Amino acid sequence: MSESSLAEMLRARGLRLTAQRQLVLQAVLDLGHATPERVHAAVREVAAGVNITTIYRTLELLERLGLVTHTHLSHGSPTYHAAGEHQHVHLVCRECGAIDEIDPDLLRPLAEQLEAQRGFRVDIGHVSLFGVCGRCENGDHK
């Protein structure tokens, strides 16, 4: 997203484009899957005075604007990524912490079955499956 379109989106909601908002969005785009703490570390490299509360508030705002989305990849902080990315399912290795992505079409039959049988719609973009990756399973990932 360009700086001008972000500024327009914020202005349309009565907000202004601040350096912190721009830095947080850029950090999410650069980092891919990033916790607020990782975003904070990246932003502090450019603007040392930005505190973690500002990061959390900005991430919440960017999510309300539809620019980022989050998922939970562990028991800790949520992980943010750009909302414009293709939807994907996260595969999280409990051994090494590696995060991989798979096409959500693999889960669509299950999602359709849950909707038909239970009336439950799965938000596939927020699905994370936990297990052990092939490298750790084979002892190759130490």
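Which residue stands opposite Cys93 in strand 5? That residue is Gly131, and here is the rest of the picture.

## About the model

This is a predicted model: local features need pLDDT of at least 70, and side-chain atom pairs count only at pLDDT 80 or more, while totals for chains, interfaces and linings use all residues. Numbering starts from 1 along each chain as its sequence is written, and side-chain values use heavy atoms, with hydrogens and water left out.

## The sheet

Three strands make up an open sheet in the order 4-3-5, with mixed pairing (strands are DSSP E runs of at least two residues, helices H or I runs of at least four, numbered from the N terminus; strands pair if DSSP finds at least two bridges between them). Strand 4 (99–102) and strand 5 (128–131) sit at the edges with a single partner strand each, so one side of each has no neighbour in the sheet.

Strand 3 (residues 89–93) and strand 5 run parallel, joined by four bridges.

## Helix 2

Buried residues (under 20% relative accessible area, 1.4 Å probe, protein chains only) of helix 2 are Arg21, Val24, Leu25, Ala27 and Val28. They cover an arc of only 155° around the axis (using directions from the axis to the C-beta atoms), which puts them on the same side of helix 2.

## Around Ile55

Setting aside neighbours within four places in sequence, Ile55 is in contact (heavy atoms within 4.5 Å) with Val24, Pro36, Val39, His40, Val43 and Val50.

Note on methods: Buried means under 20% relative accessible area, exposed over 50%, partly exposed in between (1.4 Å probe, protein chains only).
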